[in-house]
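Let us take a walk through a protein together, one stop at a time. Keep the sequence and the picture side by side as you read.

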Amino acid sequence: MNLSSPATQKLYDQNPYGKTFEAQVLSCCEGEKSHKGQFDIILNQTLFFPEEGGQTPDLGLLIPLPSSPDLPAGASPQVHVLDVKIKSGVIHHFCDGPLAPGAPVRGNIDWERRYDNMQNHSGEHIFSGLVHSAFGYENVGFHLSERTCSMDYSGPLTREEIDRLETAANRIIFDNRVIDASYPSAEELAQLDYRSKKALSGPVRIVTIPDCDVCACCAPHVRRTGEVGLLKVLQIQSYKGGTRLMIACGMRALADFRRKQSVLEEVSHLLSSPQEEAAMALSKKLAELSALKDTLHEASARLLASDLTDLDPSAANVCLFENGIDPIRLRQAVNQMSVAHSGYCAAFNGSDSDGYSYFLSIADGDARILNEQLKERFSARGGGSAAMCQGSLRASRRDLEDFFSAL
């Protein structure tokens, strides 16, 4: 059964702080395409903000009221709202169960998710307004989900410029300025200089932050800038000739700080260094590690040279086993072996526990023949040319030595 579906009344426009509401089910049908297996429920009014303007939707519950007609067979006493979309002014609630058309229901939105979105969306307006005022750049891309809040600006920004903007944004937050959301008349709108990502028609909702930003926006916002709490820029990257920023506001910023503080504490502990000196201590450790690697490579090169001299000069087929040798040096060793030996020459680098990488060649013949035998016998992976093959395998050194001795 489907009742008529006029444009849904947007309760979140008048009451962005509302957590519960009552409404009537206008229609309920099975979802299609990406919502297959769900139920598409339309209400006469809703607090659920749909996916719109780059922001993900509200989630929550729809609960039939006691005066509801009989539920469909097998229906749950409440349904979870899994997604919310808007099309031609009608808001569709995609749920995990059906509700009876004509039924009165109570809606409960996930308030923590809603308020988190409000904090971050209001923070984005503050930052974008400052970018527009200082540089004239437009916000050409915006995405707000439960994990990320990203903005794309139409021009380049340096680290120093972004730091100044971040400081200015937080000062506006601390000023606790009123944020106004309203629908100006057509005459008033014509006189306004406001930001908008696209051409708009019909009633236009304008969000105003005094001496900061005037922008067309459909989403719920906090009442005052102080509720944003804190704005922190987390990532910066060049993007399509402009700048992409990732920010976190309010509780997201606190959660991000805690995660990074935990990492810093662990690094500081591992380095036995005060937190403020951790970067310097890590740089010193990396330099020491690099020096040790150089020493190890030199020692390995000397060992490789010694192992090459120990090979039986009269043998046609020969192989080496090394561990920790640079692949370039190992390849050079196999080339050197092929000059002194007429048969198959191979070098294995690794251990029985970790497996081996290898190079093999033959002075007069096709190395791929032996490589195929390694694949059949040891499930080796790799390939190459007639002159040289390379790959990796897992086997014991003893089995590989027995294999070569039988050639």
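Our starting point is a term for how open a residue is to its surroundings: buried means under 20% relative accessible area, exposed means over 50%, and partly exposed is in between (1.4 Å probe, protein chains only). What you are looking at is a predicted model, in which local features need pLDDT of at least 70 and side-chain atom pairs count only at pLDDT 80 or more, while totals for chains, interfaces and linings use all residues. Residues are numbered from 1 along each chain as its sequence is written, and side-chain values use heavy atoms, with hydrogens and water left out.

Let us begin with charged pairs. Side chains of opposite charge can pair when their charged atoms come close. Such a pair is called a salt bridge when a side-chain nitrogen of Lys or Arg is within 4 Å of a carboxyl oxygen of Asp or Glu. How many salt bridges does the structure hold? The count is 18.

One of them sits inside a helix. Helices (H or I, at least four residues) and strands (E, at least two) are DSSP runs, numbered from the N terminus. Find helix α3, residues 159-175: both R164 and E160 lie there, 4 residues apart, about one turn of the helix. Their side chains meet in a salt bridge, at 3.4 Å from N to O. E160 counts as exposed because its relative accessibility is 57%, whereas R164, at 48%, is partly exposed.

The side chains of D152 and R244 form one at 2.6 Å, N to O. D152 lies in strand β10 (residues 149-153) and R244 in strand β15 (residues 242-249), so this pair ties together parts that are 92 residues apart in sequence. Is D152 buried or exposed? With 9% relative accessibility, D152 counts as buried, while R244, at 24%, counts as partly exposed.

Next, look for E51 and K85, whose salt bridge has its closest N and O atoms 2.4 Å apart. This pair links distant parts of the chain: E51 is in the loop between β4 (45-46) and β5 (60-64), K85 is in strand β6 (residues 79-87), and 34 residues separate the two. Both partners are partly exposed, E51 with a relative accessible area of 38% and K85 with 28%.

Now for a charged residue without such a partner. E322 is found in strand β16, residues 318-322. Lys and Arg count as positive and Asp and Glu as negative, with His and the chain ends not counted. E322 is buried yet has no salt bridge, and R397, the nearest side chain of opposite charge, is 7.7 Å away. What does E322 touch, then? Contact means heavy atoms within 4.5 Å. Leaving aside neighbours within four places in sequence, the contacts of E322 include L303, L304, D307 and F348.

The axes of helix α2 (residues 111-135) and helix α5 (residues 250-271) come within 7 Å and cross at roughly 90°. That makes α2 roughly perpendicular to α5, a label for angles of 65 to 115 degrees, while angles under 35 count as roughly parallel, over 145 as roughly antiparallel and the rest as oblique. Axes here are lines fitted to C-alpha atoms, for helices over the stretch in contact, and angles run from 0 to 180 degrees between N-to-C directions. Where the helices meet, D116, N117, Q119 and N120 in α2 are in contact with G250, M251 and R252 in α5.

Finally, visit some loops. K33, in the loop between β2 (20-30) and β3 (39-43), has a positive phi of about 50° although it is not a glycine. K33 is exposed, with a relative accessible area of 78%. S379 also has a positive phi without being a glycine, at about 55°, and its place is in the loop between α8 and β19 (381-384). The relative accessible area of S379 is 57%, so S379 is exposed. Our last stop is R223, in the loop between β13 (213-216) and β14 (231-239). R223 and I179 are 44 residues apart in sequence, yet their C-alpha atoms are 5.2 Å apart in space.
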